[in-house]
Amino acid sequence: MNENRIGYELKKLREKMKITQSQLCEGICHQSMLSKIEKGETYPSAPILYKISQKLHVDMEYFFVNSQFKNSDYIKETINTIRSAIKNKDYKTVKELVLLEEKNPDFQNIIELRQFLLWHKGIVLYYVDNNPSSAIMLLEKALLLNKPASEIFQLYSEREFEILNTLAVIYSEINNHETSLNYFKNAKDILNRTALKNEKILLRIDYNMAKVLTRLSRYQESIGLCIEGINKCIEISSMYLYGELTYQLGYNYELLGDCQKAKKFYQESLEIFRVRTSNHFNEYIKNR
């Protein structure tokens with residue numbers, strides 16, 4: 001990795017966003033440290049680079065890609081297209097892109113990009129090729145790519161937490177709920193111990209873990225996680241998974257036979273989804 005290029009890209013993005021050094025480094029590091037990073041005199045630690053990327057509203061991949069490749073715009077566009085297809089559950093498009101980029105040496109020359117590709121190939125193996133065992137093997141391989149660094153620094157990257165989440169979801173969908181729960185607990189425990197604390201990832205882990213606990217008929221534990229997640233949404237002023245957590249809360253109460261509480265939370269979730277214009281959930285809840 002080219003340290004001078006990372007500092008150069010950081011400075012270029014900071015100036016483009018009209019943020020001063022003192023504004024960017026506040027709560028992260030000393031201004032002298034940021035100045036050295038931008039000059040290429042030192043390399044930012046993973047926690048510092050993560051917090052900087054969050055303040056600049058970019059993924060950490062932005063710095064890895066821009067510091068390594070001349071065709072970084074193409075790589076960023078490919079990553080964004082794959083992420084968008086995943087969000088829309090367009091797994092066939094993801095498969096086409098993964099197969100195409102497997103032949104692209106740029107995606108093999110840096111471990112973060114190779115890991116990104118393996119992660120999404122694992123998703124394709126499960127959702128398109130209906131091959132859960134191969135998907136799990138590939139996702140575990142992707143997770144191990146950075147194992148030495150993870151063990152040394154006792155942290156996972158943001159991407160690795162997302163891979164753990166994917167593994168846990170697949171295990172739950174093939175009815176191996178206890179294994180799924182262990183993956184979620186592991187991810188949450190590690191995330192809570194690291195400086196790379198992404199609230200959206202925590203919310204996603206809580207929501208998915210709550211669903212697994214419901215499937216295991218551990219309703220009170222699921223309710224506790226839903227309430228924890230909802231409180232976190234309120235604390236950080238975010239609508240992310242707010243409606244889904246509220247719906248899951250109502251579903252637990254329905255399964256417990258408390259129809260009054262179930263109806264209350266179903267109605268609340270419906271209002272949230274109306275605000276978010278989530279028509280899929282709107283119709284589903286109306287029919288309950």
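View 1. The model is predicted: local features need pLDDT of at least 70, side-chain atom pairs count only at pLDDT 80 or more, and totals for chains, interfaces and linings use all residues. Residues are numbered from 1 along each chain as its sequence is written, and side-chain values use heavy atoms, with hydrogens and water left out. H11 covers residues 158-173 and spans 23 Å from its first C-alpha to its last, close to the expected 22 Å (1.5 Å times one less than the number of residues). Helices are DSSP runs of H or I, at least four residues, numbered from the N terminus. Of the 16 residues in H11, 15 are buried (under 20% relative accessible area, with exposed over 50% and partly exposed in between; 1.4 Å probe, protein chains only).

**View 2. The salt bridge between Glu199 and Lys232.** The closest N and O atoms are 3.7 Å apart; a salt bridge is a side-chain nitrogen of Lys or Arg within 4 Å of a carboxyl oxygen of Asp or Glu. Glu199 lies in helix H13 and Lys232 in helix H14, so the pair ties together parts 33 residues apart in sequence. Glu199 is partly exposed at 24%, and Lys232 is partly exposed at 21%.

**View 3. The salt bridge between Arg218 and Glu221.** The N to O distance is 2.8 Å. Arg218 is partly exposed at 26%, as is Glu221 at 41%.

**View 4. The salt bridge between Glu268 and Lys264.** The N to O distance is 2.9 Å. Glu268 and Lys264 are four residues apart in helix H16, about one helical turn.

Definitions and conventions
Helix = DSSP H or I, 4+ residues; strand = E, 2+ residues; numbered from the N terminus.
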